[in-house]
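Open the model in your viewer and keep the sequence panel beside it. The stops below say what to select and what to look for.

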Amino acid sequence: MDPAHTRSGRIDVHQHVIPPDLARAVTGRAAAVGWPAPAWDERSAIAMMDRRSIATGVLSFAAPLAGPDDLAGAREVARGVNEYTAELVRNRPDRFGHFAALPLPDVDGALAEAAHALDELHADGVVVLSNVHGRYLGDPAFEPLWAELDARAAVVLVHPTAPPGAPVPDVPPPLADFPSDTTRAALHLTMRGVPRRYPRMRMILPHAGGFLPYAAHRFALAARLPNGETPDGPRRTPEDFVTDLRRFYFDTAISAAPATLPSLLAFAAPERVLYGSDFPMLPEDWGTGFDTALDEYPHWDPGRLHAVNRGNAELLMPCLAAATKGTRDL
């Protein structure tokens, strides 16, 4: 890739890594729900990035780490994933960043892994799933983690997973259940007052936030419900609730579509929309159409497409701007 092209290329905040020792499990999980089996290696990822004008991909592992009762196993897998991904970044700091996996619902384990990943591995943030074996992120048990990540002004990718219960026959969960679970997680966090209570923690919602932008004012009716008062303060108005929903960041993965992009851009603050590819969970030939739609959207305000493609990510994670200039400190 031409160096000047690299410096101006996209920063992809939603790109996945599949360590070799977990490839079979990830492939099997995809096959079980009727989704194309993803394949990943460093060389093919960089080739894909070159074809799609992606300068830097922020890698994350977004799958359950272990069974609900296997806390030790989840800690072990999280540490292995994070060490593997950090080594990729050390080898190619110009092309990769990473969000570290945390072994929730083990809060003590998650706190320890966050400290290790952010302090020792120089992760760009962390990734958590939208629900952890059926427990959503506004659960009071997770409060110590949010407090610590807020103290660090950490970036948190909230990646969707399948919701509790059986999937609808013939409807693979990534099609409808994943955006629904992102929405459910964001709404639960907001109803519990987490974004308001921890404003220095920056949370990214993939896939344009699921259905959140489209239905935000419907969700704001939560402020009028009997339990509309947050645990930490007085009852909010619907306008307050919408303000809290707009505290999230949003990526464009699988979302730069004619009916989706206008809703996202009308709702989100201009600096809170980021480019995402979802590779390799979304096959490259599926994702390029969304790239084209993003580039050819006819109603961009001046400078806003550049902001989505990379400018906003540089503001959110300044080390990524340094990476494309070859000055990232690891």
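Which residues line the largest cavity? Select Arg52, Thr252, Ile254, Ala256, Tyr275, Gly276, Ser277, Leu282, Gly287, Phe290, Asp291 and Leu294, and the lining of the largest cavity is on screen. By class, this lining has 6 nonpolar, 4 polar and 2 charged residues. The space inside the largest cavity is about 60 Å³. Keep in mind throughout that this is a predicted model.

**The whole chain**

Zoom out and colour by secondary structure. The protein chain has 14 helices and 10 strands. Its radius of gyration is 19 Å, close to the 20 Å that the globule rule gives for 330 residues, so the chain is as compact as a globular protein of that length. The C-alpha trace spans about 55 × 50 × 45 Å along its principal axes. Of the 330 residues, 55% count as buried. Take the contacts between residues at least 6 apart in sequence: 77% of them join residues at least 24 apart.

**The largest pocket**

Next select Pro174, Phe178, Pro179, His207 and Ile254. Among the 44 residues that line the largest pocket, these lie nearest its centre. The elements that give two or more residues to this lining are α2 (23-32), α7 (173-191), α9 (212-219) and α11 (261-267). The pocket holds about 860 Å³ of space. Its lining residues divide into 34 nonpolar, 8 polar and 2 charged.

Stay on Ile254, which also lines the largest cavity. Ile254 lies in the loop between β9 (249-251) and α11. Its phi is positive, about 55°, although Ile254 is not a glycine. Is Ile254 buried or partly exposed? With a relative accessible area of 34%, Ile254 is partly exposed.

Now show α7 alone. Its buried residues include Asp177, Phe178, Pro179, Asp181 and Thr182. Further along the helix, Ala185, Ala186, Leu187, Leu189 and Thr190 are also among the buried residues. Just after α7, find Gly193, which takes a positive phi of about 80°.

Move to α9 and pick Pro213, which is found in that helix. Pro213 has 10% relative accessibility and so counts as buried. Leaving out residues up to four places away in sequence, Pro213 touches Ala208, Phe250, Ser263, Leu264 and Phe267. Draw a distance from the C-alpha of Pro213 to that of Thr27: they are 186 residues apart along the chain and separated by 31 Å.

**The second largest pocket**

Select Pro64, Leu129, Asn131, Val132 and His133. Of the 22 residues lining the second largest pocket, these lie nearest its centre. The volume here is about 300 Å³. Two strands, β4 (125-129) and β5 (131-132), each supply at least two lining residues. Strand β4 gives the most, with 3 residues. The lining divides into 15 nonpolar, 6 polar and 1 charged.

In soluble globular proteins, nonpolar side chains tend to be buried together. To see this here, select Trp40, Trp146 and Leu149. Of the 92 residues in the largest nonpolar core, these three touch the most other members. The largest share of this core, 6 residues, comes from helix α4 (residues 71-91).

What does Trp40 touch, not counting residues up to four places away in sequence? The residues are His16, Val17, Ile18, Ala45, Leu59, Tyr84, Leu88, Phe96, Phe279 and Pro280.

Then select Ser60, in strand β2 (residues 54-60). At 0% relative accessibility, Ser60 counts as buried. Beyond residues up to four places away in sequence, Ser60 touches Gln15, His16, Val17, Phe99, Val127 and Leu157.

**Backbone details**

Phe279 and Pro280 are joined by a cis peptide bond, with omega about -5°. Pro280 lies between β10 (273-274) and α12 (284-296).

A cis peptide bond also joins Leu104 and Pro105, where omega is about 15°. Pro105 sits in the loop between β3 (96-101) and α5 (107-120).

For the last stop, select Ala153, in the loop between α6 (143-151) and β7 (155-159). Ala153 has a positive phi of about 50° although it is not a glycine. Its relative accessibility is 22%, so Ala153 counts as partly exposed.

Terms used. Residues are numbered from 1 along each chain as its sequence is written. This is a predicted model: local features need pLDDT of at least 70, side-chain atom pairs count only at pLDDT 80 or more; totals for chains, interfaces and linings use all residues. Side-chain values use heavy atoms; hydrogens and water are left out. On a 1 Å grid over the protein atoms alone, a cavity is a set of points where a 1.4 Å probe fits but cannot get out, and a pocket is an open set with protein on both sides within 12 Å along at least five of seven lines; lining residues have an atom within 4 Å of a point. Grid points are joined across faces, edges and corners, and a volume is the space filled by probe spheres set on the points. Helices (H or I, at least four residues) and strands (E, at least two) are DSSP runs, numbered from the N terminus. Ala, Val, Leu, Ile, Met, Phe, Trp, Tyr, Cys and Pro count as nonpolar, Asp, Glu, Lys and Arg as charged, and the others, Gly among them, as polar. A nonpolar core is a set of buried Ala, Val, Leu, Ile, Met, Phe, Trp, Tyr and Cys residues joined through side-chain atoms within 4.5 Å. Buried means under 20% relative accessible area, exposed over 50%, partly exposed in between (1.4 Å probe, protein chains only). Contact means heavy atoms within 4.5 Å. The radius of gyration is taken over C-alpha atoms; the globule rule is 2.2 Å times the number of residues to the power 0.38.
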